[in-house]
Number of protein chains: 2
Amino acid sequence: MQDIDAIDRTILSILSQEARIPMKSLAGRIGLSRSATTERVSRLEKAGVIRGYRADIGQLEEGTIQAFLLVTLKRTPSIGVLDRLAGFSAVRKVSSVSGQLDLVVEVEVGSINALNELRNEVATMDNVEDLTTSIVLRRDIERS
Amino acid sequence: MQDIDAIDRTILSILSQEARIPMKSLAGRIGLSRSATTERVSRLEKAGVIRGYRADIGQLEEGTIQAFLLVTLKRTPSIGVLDRLAGFSAVRKVSSVSGQLDLVVEVEVGSINALNELRNEVATMDNVEDLTTSIVLRRDIERS
DNA sequence: CGATGCATCCGGCAATATGCCGGTTGCACC
DNA sequence: GGTGCAACCGGCATATTGCCGGATGCATCG
């Protein structure tokens with residue numbers, strides 16, 4: 001009742017992408033009977049591993065623009081930059097990464113103008129060495 | 001046909017909480033027949049308002065590694081690359097972007113080895129010109 | 001005005017999926 | 001060997017789905 005084994009992981013990965021799949025099809029994919037599959041799923045639900053099932057709703061607002069700001073800093077870490085980024089409501093996510101880059105900043109703005117302003121703000125921060133802006137043209141894959 | 005009316009919004013709010021609810025029950029809650037409800041839902045799906053249905057998974061593994069793969073393609077678009085990316089369960093999100101880059105791929109893997117393998121797979125795809133891997137060292141900001 | 005097209009709704013029927021249950025198997029433990 | 005248990009399977013009655021024909025309201029157009 002306790003382990004999350006390989007089959008459970010398969011179930012979770014399938015359900016996290018296709019939550020409305022019939023139990024019978026799920027059973028077919030993992031090679032178990034329907035009843036065994038149903039039991040596993042309801043165990044996962046009761047154990048709280050599966051918290052629920054959600055429809056993934058696209059953005060209702062038509063005019064929003066998403067973009068990535070790829071930031072290289074002059075020196076790391078940079079608390080100041082992070083604090084200032086956190087101050088922008090357009091900033092959705094900031095990740096510190098390894099390699100040439102230092103920060104990947106995901107933003108969501110209402111217009112190209114807003115993006116340009118944000119870009120300028122970030123580019124002129126003290127510790128920012130380089131900044132590449134990539135506008136999201138299309139969201140090709142998005143999971144959980 | 002194109003409006004998202006009050007009924008649609010009700011449908012979305014119910015489905016975003018209980019994605020596996022039978023269409024019949026959903027119909028009962030919003031006061032429409034089952035077939036009309038089904039039609040509305042599938043319209044919302046086709047219009048891309050509903051992107052999919054996801055199981056909401058509680059805490060899974062602790063030791064996962066997240067990374068960005070910054071991909072430059074030889075030519076765009078590239079259906080083949082997208083299809084193959086979709087085949088990797090580690091791939092969480094793929095965005096087509098403007099600028100020097102073409103794709104921003106967000107991945108989540110269990111180990112550095114898995115990341116390297118994935119990186120190699122992607123790097124050797126026909127249409128991939130250049131690939132930069134940036135491992136997420138820290139998630140600094142994350143907003144719903 | 002009447003005809004046409006269209007979006008939306010309803011209900012019905014066959015096919016499919018689900019809930020529930022009894023029965024089997026493998027395994028650990030005394 | 002006997003008992004308890006977790007996990008599996010299949011079957012049957014019931015619920016849900018996919019698919020269809022048909023009704024209704026409404027705008028358009030000759």
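Let's start at DNA strand C.

Ground rules next. This is a predicted model: local features need pLDDT of at least 70, side-chain atom pairs count only at pLDDT 80 or more, and totals for chains, interfaces and linings use all residues. Residues are numbered from 1 along each chain as its sequence is written, chains are lettered from A and ligands numbered from 1 in the order in which they are written, and side-chain values use heavy atoms, with hydrogens and water left out.

Which residues come nearest? Of the 14 around DNA strand C, they are K24(A), R34(A), S33(B), S35(B) and R40(B). Sugar and phosphate make up 49% of the atoms of DNA strand C that come within 4 Å of the protein.

Now polar contacts: pairs of N or O atoms within 3.5 Å; within protein, one must be able to donate a hydrogen and the other to accept it, and residues adjacent in sequence count only if both atoms are side-chain atoms. The side chain of R34(A) has an N or O atom 2.5 Å from a base oxygen of DNA strand C. For R34(B), a polar side-chain atom sits 3.2 Å from a base oxygen of DNA strand C. The side chain of R40(B) has an N or O atom 2.9 Å from a phosphate oxygen of DNA strand C. Two elements give two or more residues to this surface: α2 of chain A and α3 (34-46) of chain B. α3(B) gives the most, with 6 residues. Helices (H or I, at least four residues) and strands (E, at least two) are DSSP runs, numbered from the N terminus.

On to DNA strand D. It has 12 residues around it, and S33(A), S35(A), R40(A), M23(B) and R34(B) come nearest. Here sugar and phosphate account for 46% of the DNA strand D atoms within 4 Å of the protein. A side-chain N or O atom of S35(A) is 2.9 Å from a base oxygen of DNA strand D. R40(A) places a side-chain N or O atom 3.0 Å from a phosphate oxygen of DNA strand D. R34(B) has a polar side-chain atom 2.4 Å from a base oxygen of DNA strand D. α3(A) gives the most to this surface, with 4 residues.

How do α2(A) and α3(A) pack? Their angle is about 100°, and their axes are 8 Å apart. Axes are lines fitted to C-alpha atoms, for helices over the stretch in contact, and angles run from 0 to 180 degrees between N-to-C directions. The two helices are therefore roughly perpendicular, a label covering 65 to 115 degrees; under 35 is roughly parallel, over 145 roughly antiparallel, the rest oblique.

Last, two strand residues. L73(A) is in β2 (residues 65-73) of chain A, and S96(A) is in β3 (residues 91-97) of chain A. Buried or exposed? L73(A) is buried at 9% relative accessible area, and S96(A) is buried at 7%. Buried is under 20%, exposed over 50%, partly exposed in between (1.4 Å probe, protein chains only).

How values were computed: Near = heavy atom within 4 Å.
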